[in-house]
Amino acid sequence: MAKCSVHPGLASVGKVNGVEVCDQCNKQIAAAVKALDKHVEPKGCMVWYEGGKKGWQPIPGTGCAHWLAHDQGIKRGGKGEQCMLGYPFRVSTAVGGRKAVKLAEVKVGDFFVKPDQSHCGLVVKVTPDPKNPDHPTVIIRSDSSAQGKVADNDFDGYYSGKGSFVR
Ligand SMILES: [Zn+2]
Ligand SMILES: [Zn+2]
């Protein structure tokens, strides 16, 4: 009979995100998922085991990097910087290992990163400006705590033209 991956003395009641869990872990995971901020997508895996009395808790912070990592299938970093399904939730981990791209050369699929690395997103639309070839209009999709959802925003307007792009 399968055992809880956290409590080897207890029987598993099934798998959550591929992990065998006992009844207590199962309930704690459900509660932690419920406690996540509404903007976090996907929610079911953005929790981790903090041990002892704390048990399973929501992973603190915002969901931008986690959403981007899921959307783009990026699995990087160590266990301590990944959700239950192995996707990183820190901006530096999710966008790491990529090269900078100039605004004039940005393409759909490139990543956007705020100057202080507090937020990241995915370029979903690039519209060239014939009068200003080095400055296309760029639309960025991101999981935004400020907007409470996954939202599309323009680089020049919403982000005031501040931030960098990587590929
Ligand atoms: Zn357990
Ligand atoms: Zn996840």
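This briefing walks through the fold, the sheet, the core and some single residues of one protein.

The model is predicted: local features need pLDDT of at least 70, side-chain atom pairs count only at pLDDT 80 or more, and totals for chains, interfaces and linings use all residues. Residues are numbered from 1 along each chain as its sequence is written, while chains are lettered from A and ligands numbered from 1 in the order in which they are written.

**Overall layout**

- The protein has 3 helices and 10 strands. Helices (H or I, at least four residues) and strands (E, at least two) are DSSP runs, numbered from the N terminus.
- Starting at the N terminus, the order of elements is β-β-α-β-β-α-α-β-β-β-β-β-β.
- The C-alpha trace spans about 70 × 30 × 25 Å along its principal axes.
- Of the 167 residues, 29% are buried. A residue is buried if 20 or more other C-beta atoms lie within 10 Å of its own, exposed if 12 or fewer, and partly exposed in between; the C-beta atoms are placed from the backbone.
- Take the contacts between residues at least 6 apart in sequence: 42% of them join residues at least 24 apart. Two residues are in contact if their C-beta atoms, placed from the backbone, lie within 7 Å.

- Six strands form an open sheet in the order 5-10-6-7-8-9, and the pairing is antiparallel. Strands pair if DSSP finds at least two bridges between them.
- Strand 5 (100-101) and strand 9 are at the edges. Each has a single partner strand, so one side of each has no neighbour in the sheet.
- Strand 7 and strand 8 run antiparallel and are joined by 5 bridges. Here Val 123 stands opposite Ile 140 of strand 8.
- Strand 8 and strand 9 also run antiparallel, with 6 bridges. Ser 144 stands opposite Lys 149 of strand 9.
- Strand 8 and strand 9 form a hairpin with 4 residues between them. In its turn, Gly 148 has a positive phi of about 75 degrees.

**Helix 2 and what covers it**

- Helix 2 lies across strand 6, strand 7, strand 8 and strand 9. Helix 2 runs at about 60 degrees to strand 7. Axes are lines fitted to C-alpha atoms, for helices over the stretch in contact, and angles run from 0 to 180 degrees between N-to-C directions.

**The nonpolar core**

- In soluble globular proteins, nonpolar side chains tend to be buried together.
- The largest nonpolar core here has 34 residues. Such a core is a set of buried Ala, Val, Leu, Ile, Met, Phe, Trp, Tyr and Cys residues joined through C-beta atoms within 7 Å.
- Ala 65, Leu 68, Phe 111 and Cys 120 touch the most other members of this core.
- Helix 1, helix 2, helix 3, strand 6, strand 7 and strand 8 each supply at least two residues of this core. Helix 2 gives the most, with 5 residues.
- Leaving out residues up to four places away in sequence, Phe 111 touches Leu 68, Val 95, Arg 98, Cys 120, Leu 122, Phe 165 and Val 166.

**Residues in the loops**

- Asn 17 is in the loop between strand 1 (14-16) and strand 2 (19-21). Its phi is near 50 degrees, a positive value in a residue other than glycine. Asn 17 is partly exposed, because 13 other C-beta atoms lie within 10 Å.
- Gln 117 is in the loop between strand 6 and strand 7. Gln 117 is not a glycine, yet has a positive phi of about 60 degrees. With 14 C-beta neighbours inside 10 Å, Gln 117 is partly exposed.
- Pro 42 is in the loop between helix 1 (23-35) and strand 3. The peptide bond from Glu 41 to Pro 42 is cis, with omega near -15 degrees.
- Lys 54 is in the loop between strand 3 (47-49) and strand 4 (56-58). Lys 54 is exposed, because 9 other C-beta atoms lie within 10 Å.
- Lys 54 and Gln 28 are 26 residues apart along the chain, and their C-alpha atoms are separated by 9.4 Å.
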